[in-house]
Amino acid sequence: MLVHANFLPKKTWVSFLWLLHLFIIPVLTSAQTYKISGTVVDSRTKETLIGVPIIIENRNGSGVSSDENGKYALTLPKGEYTLKVDYIGFEKKTLKISLNQNIKKDIELVQTTIGLSEVVVSAERPDANVSAPQTGIEKMEIQTINKIPVLLGERDIIKSIQLMPGVQGAGEGSSGFYVRGGSADQNLILLDNVSLYNASHLMGFFSTFNSEVLRDVTLYKGAMPAQYGERLASILDVQQRNGDNQKYHVAGGIGLISSNVNAEGPIQKGKSSFLIGARRTYADALARMSGIEDAKNAYLYFYDLNMKLNFALSDKDQISISGYLGRDKMVLKDAAEVNWGNSFLIANWSHTFNNKWTSRTSLSYNQYDYYFGMEVGMNLNGTAKIKDYGLKHEFIFQQSKNSQWRLGVSSTYHDLAPGNYNLDSEQKNSVDLHHRYSSENAAYISNQIKITDNLEVVYGLRASAFMALGKGQYYTLDQDNNVLDSTWYKSGKVVKTYINLEPRFSAAYKLNEVSSIKAAYARTTQNMHLLSYSAQGTPFDRWTSSSNNVKPQIADQVSLGYFRNFNDNMFEFSIEGYYKDMRNQLDFKDNADIEGYDVIETELLSGKGRAYGVELSLKKRQGRLTGWIAYTLSKSEKKIDGINEDRWYNAFQDRTHDLSIVGMYELNPKWSLSAAWVFYTGNAITYPSGKYQVNGKDVMYYAERNGYRMPNYHRLDLGATCLLKKTSKFQSELVFGLYNAYGRENAYMIQFRTNTKDPSKTTAYQYSLFTFVPSVSWNFKF
Amino acid sequence: MKSIKNKYIIVLSALAVMLAVTSCEKEIDVDLNSVTPRIQIEGIVKQDQLAKVRVSHTLDFNDNSGYPFLKGAIVKISDDAGNTEILQQDNTGWYVAQNIKGVIGRSYNLSVTYEDKEYTSTSKIPPLVKLDSLSMYKVPVMKYAIPMIHFSDPKGETNQYYRCLVYINGKQLPDVNEMVLSAEFMDGSPIHQFLPVFINDDDVDPIKQGDEIEVEFQCIDKGAYTFFYTLSRIEDSKTNPTSNIKGGALGYFSASTVDKMTITAEWEE
């Protein structure tokens, strides 16, 4: 995977830090006491459970929680102990231990909830809303995501997180999302720690996540701990689950638009497992629904393949390998084709030194590319590609029960090939836009510590070093963005280095057992920038990296909130305000030339942005009725010299009100119902300020950038799940959905143009998609 | 390069239209602010035709009273062969020359003075390139065929930019985008390009069997090309096209060659 000799950063201090940290070998302290340790697993699936609290009775509530690998360890003096294990979704368990030697005890917990989907719960304490020190975080359980009714029955994590406060969707049919007023490319989307450049299928109607193979989803809304970086606004951390290493299973679903199947099982019973998932849509179904007669000449589909392998090499070593391959294809037979997709492979090695030190190392290769081709008269085609090679290493040091440290380094080598075009006609011609190479590195140290009973803090520092590298042509521009001259840099030569220190801080101060105040500050930077001509974005948008002309984007975010739980953690309430300052925000100058143009930097303008808002949320987590209400009031603006006469203007993603109400109800052991209602202010949009005529045709005149609003958007979705059969060998369910149940025609696009029937007038036309869309799918599991 | 992406964008749009499942279109009323009208100029010097200029201004979106032909502008055209003329407004509202005509290879200067402000521009007619032929291309998902032009771009930078106007039975359709193309990527090559005759009206086909299609093929200079190209992108960019007129006027000044060719629309169903 490390094919390029120069990927290691050249900058001396980073290399030094790298070498130094490899030689920090933790020293084993000999135990005067005995240790109880083991793994906490779900009794049925054998999936490891994270964050499970194991409390020692009669010891003032002291205990531990299981870690990211499901492992726990308690070191105690010789004696008799009772351990209590109490975790949401599982039956309480009590263990009596006689401790007179080191004991290995795995704990199996029995699920209490019904339903086909795995109850795999992410790392969370029952009172996390109040006590967890890291704020600005949204965690979603796959079980919840699977209950939320969605478009065409396609469960979609990205649509589901848009129902959370502070997170807004880019619009109907788009998979992009905005977090706290940030743009769609300011979110880092990680699948098993690999970043996906395009997390959507088919122009944004579906996302690249096959929720059948996922374990959990965590969204950091800007305030993120030091081990994360690379994007300004958020981190969406999606983890695949492990395969069952005891028994084989096959599961799948057949729906109106797509089907999926996944298989898992042991490679070596108890020691290693595999999980493979596949998903595909049917062009036929879509074509039939579109009502176009000649649909047999058009192909529209995507597929996804997910894979995860786990090997426990020993008690102390685990290896996992994750892979993904996905592709979208749109073909007009004998005329044109476009396709695009992500693919990656990542190998992880976890090593446990002792009960205090663990380390994780990973190696990854990641690629995103697109292709378009045209055969009408002439043969024209083009591709663009991004390749990432990554290496990460992290130490986790459990200093004490109240303090955990993380130290790590990461390095990614980017190879951006913005375009290679070929003409194959009577003459052949081809153009290769210059690659942009760069090395994105970081070192971080972070500590989560419970300082007193009431105060818990996560603080850290991330140092990022970004290097624009050769080989390539780099340009010097004058203040009007014209090219003055250019320099050719040899392979691996450093063109420009940007070093940024990113302090991170988040604290929870408990006012009492049920309420707390949390505050956070974070500085984030971003060096990969997505240049999109249209606000919605397309798979063919161009990525560019920081260079001698393009500076890293930098943001500073502060937040302050009040958190309260009611009824023994049944209800969670929070109100949180944030303010974010952004620098080096990019936008295109008017009528920029982005396609096929090598010196893209001459087309870019930069300036600043600011976003602020208040998020309110009330969640009910337990009982037959669960759900939440999330409301965000916010503003997001930009000020870029050269745009809108140098005045502040609303960013496209500015959205004053955003309200989501979601409810899920277990009617009886067979049926569960769900409903989701969303309402939001329309996007800021540019409408014409007048019109004129060119060659006898109406042309719109624009004077106010983003000075208007799209109409308000609101929609109700309904869903129902019927458990058909549930035995230990076979389960199946039917999932019904109705998207946009009251048929509101939400504006997808508004066009101002000559009236279709009366050319002497100009009229505004509103286009909307998706009203009253029903769906049915059948899911099964062996 | 622009023409490459232009093509696939067109195809992609056609595909995206297909994907627009159960999509609805409806007329709506939008409250738009009034702004000060902005002056707009169209200056045209076609090969072998008298120069003509239209001086107008923008209207409010909901004002359908008709675009004005402003009176009292001083419109002057001069060429690099020493000719100068002040154009007089005729009964069509256009300011029309009596003597100055488009000559291949000549450079023209335009000056329009209206209400004490002057707007100027320059445009040069490139060498003549003619169409080799026209053909009809049946688009796989549409019920009609569209015209396709065939010509050879001469090697070198003097001929780079082309523009096509389409007349169906003598009329231009009000919502069809004109095709402009740049031969930068295909310098010196034979070029085969379809003309995107697509309209917003789903009930009517813009081209029917037997229609007479006339294509006016122009060679234009870079300033005019930039205007027409940015004009074609206005839906996405939501910014005004880059005008080649100095002084703050909207619009363009284009001196061009002209070649016309006709084809009768016929295709196999």
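Let's start with a word we'll need throughout: a residue is buried when its relative accessible area is under 20%, exposed when that area is over 50%, and partly exposed in between, using a 1.4 Å probe and protein chains only. What you're looking at is a predicted model, where local features need pLDDT of at least 70, side-chain atom pairs count only at pLDDT 80 or more, and totals for chains, interfaces and linings use all residues. Side-chain values use heavy atoms, with hydrogens and water left out; residues are numbered from 1 along each chain as its sequence is written, while chains are lettered from A and ligands numbered from 1 in the order in which they are written.

Take chain A to begin with. It has five helices and 51 strands, where helices (H or I, at least four residues) and strands (E, at least two) are DSSP runs numbered from the N terminus. Of its 782 residues, 60% count as buried. Call it a contact when heavy atoms sit within 4.5 Å; then, among chain A contacts with a separation of 6 or more, 63% are between residues 24 or more positions apart.

Setting aside neighbours within four places in sequence, its contacts include A:K147, A:P149 and A:D717. A:F206, in strand β15 (residues 206–207) of chain A, is buried too, at 4%.

Now for the charges. Side chains of opposite charge can pair when their charged atoms come close. Here a salt bridge means a side-chain nitrogen of Lys or Arg within 4 Å of a carboxyl oxygen of Asp or Glu, and the structure holds 35 of them over all chains. One joins A:K619 to A:E138, with the closest N and O atoms 3.1 Å apart. A:K619 lies in strand β38 (residues 604–620) and A:E138 in strand β9 (residues 137–141), both of chain A, so this pair ties together parts that are 481 residues apart in sequence. A:K619 is buried at 12%, and A:E138 is buried at 6%.

Another salt bridge pairs A:R406 with A:E394, at 3.0 Å between the closest N and O atoms. A:R406 is in strand β26 (residues 403–424) and A:E394 in strand β25 (residues 378–400) of chain A, so the parts tied together are twelve residues apart in sequence. Both A:R406 and A:E394 are buried.

Next, the meeting of the two chains. The contact takes 83 residues from chain A and 79 residues from chain B. The buried area, meaning the accessible area (1.4 Å probe) that two parts lose on being put together, summed over both, is about 7,900 Å² here, and carbon and sulfur atoms give 62% of it. Five salt bridges run between chain B and chain A. One of them links B:E178 to A:K697, with 3.5 Å between the closest N and O atoms. On the side of chain B that touches chain A, helix α1 (residues 2–19) of chain B gives the most, with eleven residues.
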